Amino acid sequence: MRVSRLVRQAQNGNKEALLQLIMADQDAYYRLAYTYMGNEHDAMDAMEDMIVTLYEKIDQLQKREAFYSWSKTILVNRCRAMLRKNGKFTPLEDEQDAVAYELMAENPYLGTEAEMDMKTLLSHLNAHQREAIELRYVHDFPYQTIADMTGAPLGTIKSRISQGIEKLKVIIGGDRYESD
Amino acid sequence: MKAIEDKIQRHKQNLNQIQAPAELEDRLRQALHRIPEKKRKNNKPLMWSISAAAALLIIVSSYQYPAFAYIGGKLLNRMELISLSFSEVAEQGYGQTVNKSKSFKDGTVITINGVIADDNAFLMYYTIKLPEGLTFKEDEFIRYGVTKVKGFLTNSKVTEGGGNYNKDKTQFQGVYKFEPVNPFSRTLTANFSERLDSGEQEIQPVSFKFEANKAMKSIINEKVSKAVPVDTGTVHYDSVIASPTSTVIRGHYELNNNGGHPMFAGKTKLFVNGTEVEYFGYRSGGVDGKNSPTFELNYDVLPTDKIESLEIVLDKFSGYEKITEPIPLTSPSDQSIKINNEKLWIRSVTQTGSGYDIVIARKEFTILDTTHMLVQAGGKKVPIAPVSASRPWDLGNGNVLREQTYSVQTQDKPEFLLLEGFHYIKEYNTRISIPIVHK
């Protein structure tokens, strides 16, 4: 109810309404940008670019309730474009180390052991699988949204995730691990 | 698969501890500020439907919950409300017993034990019981969730939640707090979801009859009209609702910052009969009918329903201090420069290809007003703008400042920095009394 009202205000050119929409979910946007960019500076730049694009394109948004998945799709596209421009061809490939490092360096509360673990594990996947798994399980996006964000067909996303999970299963010893 | 899911969940929890930096809002607002305004569309039929909806809302919201006045005695506080089981709160005369269950395909049973409805919130007490022989692993309860309660004129989002495992970890007992539900709702539905190992979600709707006459009456529910002047405008308090589950003060800002929220929300205290009520947080809201930004302050349940006095104290809030003196740039150093009651550090002034880079440091919550920031160089005034995000400057003695690089395009050596002023967290300690309307 409130979201669609704010979206309507934003569509009428109200910048503050647009800002409100983003700030209401600021941590989720920031984490999403951070996962891709790996540092505060680039994550904030990506979000700045995003909000400018949102303001220019919000007239095209038909379903107001879809604002959040639509805007996050634009953020993901922006992050991918920035990484491509920086010569980092495959998004998460080179970034993963940076993410894990930042997590440890900046926030002493973070469970470094768990993070190391995950970093090692995810490094066995290809960039596409890793991206899909993070979007699905860490950022909680539905399959269809991930497909829209990455521009890959729905079936491809599902198989990237299941193949990624299968691969991780093999690495950590699958069922054997569980019965230990 | 379980092991992987655990790891991913832990990874997610780690990531979830990252919070957006404080300056994000400012950065985004400035980014928006730089692009041209769009022409506003004037959509007549749309305007009609909005005012029709608004009229309906006014009718609905002025409807009072029927009966069930709270009967004297001790009010349960927030901690008690979320840590006791529903049967325990029901013994104290709270809420409506529901006891409706639904099973997931894997045999997990979800039960809504009971609900408490009032003007501020809708609390739902629920239990997740795993199939025979299974126990919860650490943090596994996050596989289950509800995001909304729906019903006639009701679409209430979850605002808080919490709970505990029982001793043998076969059950999880939790409480979800939602936005208030509409008293006209007869049937309410909560969609419980379970994240499956395949990555899909299974959804099970649990519906129950809502008895609006069991909803609980507020101790105080009144409009107020009080304003407190601050450096940049006024803070207005519009309503106080003290219900049996929480106390909420709503208001709006009229500040000279183009209809924005304040730089710092600060701290606002609430006193009842002279005793401070615990503060649980601030939430900034959208704009109200007059396009003023709104806010909401949340406090614990009032300690008593016998109210003699109610006072709001604006303790700390955004302050703005004007600077009239030019700040010399000729001898940069790590020594601070005193400006009014605050300090600034001009750390370096370095020549670059196109001009000069100046590194300025400040305390974390001293925010420079950069709208008309100038540098005096060679007798001329040249604009200066930040070219980096701010970064920490650790003095190594427990003090961490923020420094930022600013760039100015001039071939002359900068002499003075001309700052209009700065924002900071100011102690106001302004006390206002709220008249109590005894019903």
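Modeller: Strand β10 of chain B and strand β11 (residues 233-242) of chain B are antiparallel and joined by 9 bridges. Strands here are DSSP runs of E of at least two residues, helices are runs of H or I of at least four, and both are numbered from the N terminus. Two strands count as paired if DSSP finds at least two bridges between them. Across this pair, G233(B) in β11(B) stands opposite V230(B).

This is a predicted model, in which local features need pLDDT of at least 70 and side-chain atom pairs count only at pLDDT 80 or more, while totals for chains, interfaces and linings use all residues. Residues are numbered from 1 along each chain as its sequence is written, and chains are lettered from A and ligands numbered from 1 in the order in which they are written.

β10(B) and β11(B) belong to an open sheet of 5 strands in chain B, ordered β10-β11-β12-β16-β15 with antiparallel pairing. Its edge strands are β10 (220-230) and β15 (279-287) of chain B, each pairing on one side only. From one strand to the next, the twist averages 20°; axes are lines fitted to C-alpha atoms, for helices over the stretch in contact, and angles run from 0 to 180 degrees between N-to-C directions.

S318(B) has V230(B) among its contacts, along with T232(B), P262(B), M263(B), F264(B), G266(B) and H423(B), leaving aside neighbours within four places in sequence. A contact requires C-beta atoms, placed from the backbone, to lie within 7 Å of each other. S318(B) sits in strand β17 (residues 310-322) of chain B. Is S318(B) buried or exposed? S318(B) is buried because 25 other C-beta atoms lie within 10 Å; buried takes 20 or more such atoms within 10 Å, exposed 12 or fewer, and partly exposed is in between, with C-beta atoms placed from the backbone. The C-alpha atom of F365(B), 47 residues away along the chain, is 9.8 Å from that of S318(B).

β17(B) has its place in an open sheet of 5 strands with antiparallel pairing, in the order β14-β13-β17-β28-β22 of chain B. The edges are β14 (275-277) and β22 (367-368) of chain B, and each pairs on one side only. β14(B) pairs with strand β13 (residues 267-272) of chain B over 3 bridges, in the antiparallel sense. There, T275(B) in β14(B) is the bridge partner of V272(B).

Among contacts in chain B between residues at least 6 apart in sequence, 62% join residues at least 24 apart.

Chain B has a mean pLDDT of 84, and 90% of its residues reach 70 or more. Within chain B, confidence is highest in strand β2 (residues 109-117), at a mean of 96, and lowest in helix α3 (residues 44-61), at 40. Over residues 40-72 of chain B, pLDDT stays under 50, and the model has 25 contacts beyond four places in sequence for them. Where pLDDT is low, the predicted coordinates should not be read in detail. For the complex, the predictor gives an ipTM of 0.75 and a pTM of 0.58.

How values were computed
pLDDT = per-residue confidence, 0-100. Contact = placed C-beta atoms within 7 Å.
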